[in-house]
Amino acid sequence: MSIIKYIQSLFSSDLYIQVWENRIKISKVGTRDVYDEEPLMALKDNAKGVPIVFEIGNKVKYLNKSEIDKVVNPFKHPRLLVHDFVAAEKIIQHAFREIHKTKWISPSPRVIFQPMEKLEGGVTGIEERVYRELCLGAGAREILLHVGEPLSVDSLNINEFKQQNS
């Protein structure tokens with residue numbers, strides 16, 4: 001582990017991420033801290049016509065439509081849970097910052113990622129890679145994928161979970 005990742009890990013917690021088409025819930029393991037919002041991203045074009053992020057989360061629903069150019073939900077697709085990788089990564093990155101409530105150092109949490117829907121036939125290798133890359137791109141240092149019944153955050157121990165699922 002690099003020195004920077006090690007320092008970031010000192011300021012990060014273990015997180016449990018659950019994703020539905022219209023909801024993303026991130027719980028900090030061992031605490032009652034939760035980020036639970038709709039995965040919406042409002043975009044507005046800058047002077048050069050390049051879209052920039054204007055707002056993320058539930059606040060997007062209450063924006064004046066004339067303020068923004070486009071609203072994106074990267075998890076809304078008829079077949080797959082993730083259809084816009086870049087937007088999904090930005091939303092997860094935003095949620096990491098919100099749940100860690102830090103502005104001066106980027107969090108680098110260990111994560112258990114659980115897709116909550118669109119699991120007919122199980123998770124393909126491609127989907128597994130997408131989920132891992134999403135979390136790594138958002139700043140996670142370690143990702144564990146969970147498919148099954150929701151886990152209890154109060155009694156969750158990532159080290160034990162890792163041993164049970166390896």
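Which residue just after α2 takes a positive phi? Lys101 does, at about 50°.

1. Basis of the model. This is a predicted model, where local features need pLDDT of at least 70, side-chain atom pairs count only at pLDDT 80 or more, and totals for chains, interfaces and linings use all residues. Residues are numbered from 1 along each chain as its sequence is written, and side-chain values use heavy atoms, with hydrogens and water left out. Helices (H or I, at least four residues) and strands (E, at least two) are DSSP runs, numbered from the N terminus.

2. The sheet. Five strands form an open sheet with mixed pairing, in the order β3-β2-β1-β7-β8. Two strands pair if DSSP finds at least two bridges between them. The edges are β3 (34-37) and β8 (142-145), each pairing on one side only. On average, neighbouring strands of this sheet are turned by 15° against each other, direction ignored. Axes are lines fitted to C-alpha atoms, for helices over the stretch in contact, and angles run from 0 to 180 degrees between N-to-C directions.

3. β7 (residues 110-115) runs parallel to β8, with four bridges between them. Ile112 has Leu144 in β8 as its bridge partner.

4. Buried means under 20% relative accessible area, exposed over 50%, partly exposed in between (1.4 Å probe, protein chains only).

5. Helix α3 (residues 125-138) lies across β1, β7 and β8. The angle of α3 to β8 is about 150°.

6. The aromatic pair. A search of the whole structure finds one. Rings of Phe, Tyr and Trp (its six-membered ring) pair if their centres lie within 6.5 Å; planes under 30 degrees apart count as stacked, over 60 as edge-to-face and the rest as tilted. Phe113 and Tyr131 have ring centres 4.8 Å apart and planes at 25°, so the pair is stacked. Phe113 sits in strand β7 and Tyr131 in helix α3, 18 residues apart. Both residues are buried.

7. Gln114. This residue is in strand β7. Its relative accessibility is 1%, so Gln114 counts as buried. A polar contact of 2.2 Å joins its side chain to that of Tyr16. Such a contact is a pair of N or O atoms within 3.5 Å; within protein, one must be able to donate a hydrogen and the other to accept it, and residues adjacent in sequence count only if both atoms are side-chain atoms.

8. His146. The loop between β8 and α4 (158-164) holds His146. His146 is buried at 11% relative accessible area. From Gln114 to His146 is 32 residues in sequence, but 4.9 Å in space, C-alpha to C-alpha. Not counting residues up to four places away in sequence, His146 touches Phe113, Gln114 and Phe161, among others. Contact means heavy atoms within 4.5 Å. A polar atom of the His146 side chain lies 2.8 Å from the backbone oxygen of Glu149.

9. Lys118. This lysine lies in the loop between β7 and α3. Is Lys118 buried or exposed? Lys118 is buried, with a relative accessible area of 15%. Its side chain makes a polar contact of 2.5 Å with the side chain of Glu21.
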